[in-house]
Amino acid sequence: MIIGSHVNFGKEQLLGAVKQTISYDANTFMFYTGAPQNSIRKEINEDLTNEAFKLMKENGIDLKNVVCHAPYIINLANKDNVDSWDFSIDFLKKEIMRIEKLGVGFIVVHPGNYLKLDVNVALQNISDAINKILCEDTNVMFLLETMAGKGTECGRNMEEIKTILDKVLLKDKVGVCIDTCHLNDSGVDLNNFEEYLEKFDKMIGLDKLKCVHVNDSKNECGSHKDRHANLGYGTIGFEVLMNVVYHEKLKNVPKILETPWILEYPPYKLEIEMIKKRKFNSSLEEDLKKLFIETN
Ligand code: ZN
Ligand code: FE
Ligand code: FE
């Protein structure tokens, strides 16, 4: 299984991200090149990158399964705010250049917010933006994430994602990242995941499904909230999530945890252990405390 979590891209950049990944017994990871909330970005340090490459090789971490997540503040949907739209496009172009230097396979992007626009106009704007961002030489695959439908989020159902993708010119450079919390909150009952995948295959094509964000949800199906919960500690439930994670048709698709930290500790090592054993840990918080007290 290709499994990992969100990790920090801090002072040690890619090297730090790889070290965290190894400490979680993971074999892939997802990172933001800076804070998720802003667009301030540092230059990629080549020495750290080369050291990270070495460590990845030694630990069997394949760059083509590694995911970068774009910051939340960019919005490709609202062309009416020309400055913000141009800025978002420009940022993503540069971000793609930065991560191409690292050699990572995917960038995950939230489609955007339609705000006061007509949704269909917004969807067209997103396609237009993607067509400006991608070019023949782009080596990173651009993944649109399925959203919970909080506020005016675009991409809250399969139809919207398809509408955007249909108007993208360089079709082999785009794909989809599904997020289990977002799907649940948008109204998809993950008990019927098989049905969802069949519909996905018919509408978009399963070969376009390139990444899964694995999160439980704090809210009911259809709540349009987007608050992530630890695996088995939300409304989706552990076994339903395992049916997604272990689905035969998603075998080669990277699975990424974006579950909340517990106290001040990242839960990923223990959640990845739960997944590997396919066994729910009902004392996650206690075990985490023990783990971090032991190692520090
Ligand atoms: Zn996301
Ligand atoms: Fe996500
Ligand atoms: Fe989310």
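Buried means under 20% relative accessible area, exposed over 50%, and partly exposed in between, with a 1.4 Å probe and protein chains only. Helices (H or I, at least four residues) and strands (E, at least two) are DSSP runs, numbered from the N terminus.

The model is predicted: local features need pLDDT of at least 70, side-chain atom pairs count only at pLDDT 80 or more, and totals for chains, interfaces and linings use all residues. Residues are numbered from 1 along each chain as its sequence is written, chains are lettered from A and ligands numbered from 1 in the order in which they are written, and side-chain values use heavy atoms, with hydrogens and water left out.

**Exercise 1. Helix H9**

Task: List the buried residues of H9 and find what covers them.

Solution: 
- Step 1. Tyr 268, Leu 270, Glu 271, Ile 272, Met 274 and Ile 275 are the buried residues of H9.
- Step 2. Their cover includes S1, helix H8 (238–245), S10 and helix H10 (284–295).
- Step 3. Arg 278 follows H9 and has a positive phi, near 50 degrees.

**Exercise 2. The barrel**

Task: Give the strand order of the barrel and work out some of its residue pairs.

Solution: 
- Step 1. Strands of a sheet pair through backbone hydrogen bonds, either parallel or antiparallel. Here two strands pair if DSSP finds at least two bridges between them.
- Step 2. The barrel closes from 8 strands in the order S1-S2-S3-S4-S5-S6-S7-S10, with parallel pairing. On average, neighbouring strands of this sheet are turned by 25 degrees against each other, direction ignored.
- Step 3. Start at S1 (residues 3–6). S1 pairs with S10 in the parallel sense over 3 bridges. Ile 3 has Lys 255 as its bridge partner in S10.
- Step 4. S1 also pairs with S2 (residues 28–31), parallel, over 3 bridges. Gly 4 is opposite Thr 28 in S2.
- Step 5. Move to S3 (residues 67–69) and S4 (residues 106–109). They run parallel and are joined by 3 bridges. Val 67 has Phe 106 as its partner in S4, and His 69 stands opposite Val 108.
- Step 6. Sort the side chains of S4. In a regular strand the side chains alternate between the two faces of the sheet. Phe 106 and Val 108 point one way, Ile 107 and Val 109 the other, and all are buried.

**Exercise 3. Helices H1 and H2**

Task: Describe how H1 and H2 lie against each other and which residues meet.

Solution: 
- Step 1. Two packed helices are described by the angle between their axes and the distance between the axes. Axes are lines fitted to C-alpha atoms, for helices over the stretch in contact, and angles run from 0 to 180 degrees between N-to-C directions.
- Step 2. The axes of H1 (residues 13–23) and H2 (residues 46–58) come within 7 Å and cross at roughly 25 degrees.
- Step 3. H1 and H2 are therefore roughly parallel to each other. The cut-offs: under 35 degrees is roughly parallel, over 145 roughly antiparallel, 65 to 115 roughly perpendicular, and the rest oblique.
- Step 4. Gln 13, Leu 14, Leu 15, Val 18, Lys 19 and Ile 22 of H1 meet Leu 48, Thr 49, Glu 51, Ala 52, Phe 53, Leu 55 and Met 56 of H2.

Notes: Contact means heavy atoms within 4.5 Å.
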